[in-house]
Amino acid sequence: MTTNILDAKDLKNDPVFGQFSFDGHEQIVFCNDEDTGLKAIIGIHNTVLGPALGGTRMWNYNSEWDALNDVLRLSRGMTFKSAITGLNLGGGKAVIIGDAKTQKNDDLMRRFGQFVDSLSGRYITAEDVGMETRDMDIIREVTPHVTGISESKGGSGNPSPITAYGVYMGMKAAAKYQFGTDNLDGKKILVQGVGHVGETLVKHITDEGAKVIINDINEARLEELSKKYGANVVLGNDIYGLDVDIYAPCALGATINDETISELKAKVIAGAANNQLADEVKHGRLLKEKGIAYAPDFLINAGGIINVYAELEGYGKDEIIRKTENIYNTTLDIFNLSEKENITTHRAAFNIAQSRIDARKNEKNK
């Protein structure tokens, strides 16, 4: 075996603590196992409200730096997602570096589960991009600190349908604010990313009579869903200037950036992707200046965590649906607060979430 030694001068300045996305993370765990080939990172951002719960994403990142930045941004987002949704959970996330289609196997999942177990419940994992309910079942063999396991095994199952339903509720609320009605009949809606969540969202809005356009890197998937739902297909990345009413990003994050904002014709942004704003402050402000109603992603995509939280709290499907439907009301509250205080919707949502965390922290410090 040949070992390449990296000189200190070749490292990026402040590779962890200096990252904007680090944002006071409590703990970062780097997981490595030569036998299975596992390379993973677990980020625990904040546990003031409770144990850090967040899904595990398996993705073939271009570099380990990209993987680190992704887990930090995702973990941080989970803190505010749980806080604004009223759940007694902190924020955490994990990424496994690799191709889920060719490198994922049961031994890899079990070894990752052992790393999760070593944290003694500070981090609870769940399903995310590149993972399936079956993977959670395998992880459950070696640790109790996992949610989203099969319903046949006592779990809440695949969280994607509930995530999509929450996005649908948030989209309707944003439409109500922007257009004066939450009726999506006739609205032109672009859904970018048609995985499990994206497809279910397409079904909801198609059933309501929306004119749906779909975009994805998987052309076979697009053809399949186009036939299934009668959606129009647009290929490639040149989609942001399309004449649509609503843009629903449901793939990876940072699609709202310097280049795309100048092209956007949509009047509402409401989608399932995490970290949609490349720069929360700058791009949130630019959207507000353009009069685009942005439904904060960490609020409207919270249906998934509401679903898996049921496994910890023991509530049933009726309560899951009730909590998820309340995303509609919270989204409207965010828009009204944004207008009243002349701040971005992202800032309005962030402030509410942070105030809940601060209040709990003060209680603990008394």
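Is Cys-250 buried or exposed? I looked it up in what is a predicted model. Cys-250 is buried, its relative accessible area being 13%. The cut-off for buried is under 20% relative accessible area, so Cys-250 falls within that class.

I then checked Cys-31, which is also buried, at a relative accessible area of 3%. For disulfides I applied the criterion of cysteine sulfur atoms within 2.5 Å. The count by this rule is zero.

Next entry: cavities. I searched the whole structure and got three cavities of 30 Å³ or more. For the largest cavity I noted a volume of about 160 Å³. I found 17 residues in its lining, and those nearest the centre of the largest cavity are Gly-77, Asn-275, Glu-280, Asp-297 and Phe-298.

I asked which helices supply at least two residues each to this lining. They are H1 (64-85), H9 (297-300) and H13 (345-365). H1 contributes the most, with seven residues. Sorted by class, the lining of the largest cavity holds seven nonpolar residues, five polar and five charged.

Last entry: the sheet. I traced an open sheet of six strands, paired in parallel, in the order S8-S7-S6-S9-S10-S11. Its edge strands are S8 (232-233) and S11 (293-294), each of which pairs on one side only. Ile-246 has Val-268 of S10 as its bridge partner.

Definitions and conventions:
Residues numbered from 1 in each chain as written. Predicted model: local features only at pLDDT ≥ 70, side-chain atom pairs only at ≥ 80, totals over all residues. Heavy atoms only, no water. 1 Å grid on protein atoms, 1.4 Å probe; cavity = no way out; pocket = protein on both sides within 12 Å on 5 of 7 lines; lining within 4 Å. Points joined across faces, edges and corners; volume = space filled by probe spheres on them. Helix = DSSP H or I, 4+ residues; strand = E, 2+ residues; numbered from the N terminus. Nonpolar A, V, L, I, M, F, W, Y, C, P; charged D, E, K, R; others polar. Buried < 20%, exposed > 50% of the residue type's maximum accessible area, 1.4 Å probe, protein only. Pairing = 2+ DSSP bridges.
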